[in-house]
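This briefing goes through one predicted model by topic. Please keep the sequence and the 3D view open while reading.

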Amino acid sequence: MKNVTITMEDAVADWVRVEAAKRNASISRLVGDWIAEEMRRQDAYEQARRAALKFETWGSTAASPARDEQYDRPAGIR
């Protein structure tokens, strides 16, 4: 664990002090948990974004099947 000093406006410090008390936690623990949660959220978003960019639709390749092949029809029957 690392100790970090942060600077915030008085009103913010008052608010976070009350929030920490409501949760029976220290300000340090509360802020650390919030930052860790944001890190996990951003990591999950980035993983989902990468997966979405890798996704290819059926018709996106040059070797997509002909229309008749897509619908299991003999050639020439419409």
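Helices (H or I, at least four residues) and strands (E, at least two) are DSSP runs, numbered from the N terminus. On that basis the elements of the chain run α-α-α from the N terminus on, with three helices and zero strands. The model is predicted, so local features need pLDDT of at least 70 and side-chain atom pairs count only at pLDDT 80 or more, while totals for chains, interfaces and linings use all residues. Residues are numbered from 1 along each chain as its sequence is written, and side-chain values use heavy atoms, with hydrogens and water left out.

**Surface and burial**

- Buried means under 20% relative accessible area, exposed means over 50%, and partly exposed is in between (1.4 Å probe, protein chains only).
- Of the 78 residues of the chain, 9% count as buried.
- The chain has an accessible surface of about 7,300 Å², and 54% of this belongs to carbon and sulfur atoms. Accessible areas come from the Shrake-Rupley method with a 1.4 Å probe; for residues, only the protein chains shown count as cover.

**Helix H1**

- Helix H1 has 13 residues (residues 10-22), which at 1.5 Å a residue should span 18 Å; the end C-alpha atoms are 19 Å apart, which agrees. The expected span is 1.5 Å times one less than the number of residues in the helix.
- Which residues of H1 are buried? They are Ala13, Val16, Glu19 and Ala20.
- Seen down the axis of H1, these buried residues fall within an arc of 125°, so they line one face of the helix. The arc is that of the directions from the helix axis to the C-beta atoms.
- An α-helix has 3.6 residues a turn, so residues three or four places apart point the same way.
- On the face of H1 turned away from the buried side sit the exposed residues Asp10, Ala11, Ala21 and Lys22.
- The buried residues of H1 pack against helix H2 (27-54), where contact means heavy atoms within 4.5 Å.

**The loop between H1 and H2**

- Arg23 is found in the loop between H1 and H2, and Asn24 has its place in that loop too.
- Arg23 is partly exposed, at 48% relative accessibility. Not counting residues up to four places away in sequence, Arg23 touches Leu30 and Trp34.
- Asn24 counts as exposed, at 74% relative accessibility. The phi of Asn24 is near 55°, a positive value in a residue other than glycine.

**Aromatic pair**

- Rings of Phe, Tyr and Trp (its six-membered ring) pair if their centres lie within 6.5 Å; planes under 30 degrees apart count as stacked, over 60 as edge-to-face and the rest as tilted.
- The structure holds one aromatic pair. Trp15 and Trp34 form this pair, which is stacked, with 5.7 Å centre to centre and 25° between the planes.
- Trp15 lies in helix H1 and Trp34 in helix H2, so the pair ties together parts that are 19 residues apart in sequence.
- Trp15 is partly exposed, with a relative accessible area of 48%. Trp34 is also partly exposed, with a relative accessible area of 34%.

**Salt bridges**

- A salt bridge is a side-chain nitrogen of Lys or Arg within 4 Å of a carboxyl oxygen of Asp or Glu. By this rule the count comes to seven.
- Within helix H1, Arg17 and Asp14 lie three residues apart, about one turn of the helix. Their side chains meet in a salt bridge (3.0 Å, N to O).
- Both partners are partly exposed: Arg17 has 47% relative accessibility, and Asp14 has a relative accessible area of 43%.
- Arg23 and Glu19 are joined by a salt bridge between their side chains (3.2 Å, N to O). Arg23 is partly exposed at 48%, whereas Glu19 is buried, with a relative accessible area of 11%.
- A network of salt bridges links Glu19, Lys22 and Arg23.
- In helix H2, Glu46 and Arg50 are four residues apart and thus separated by about one helical turn. Glu46 forms a salt bridge with Arg50, the closest N and O atoms being 3.4 Å apart.
- Glu46 counts as partly exposed at 24% relative accessibility, and Arg50 is partly exposed with a relative accessible area of 48%.
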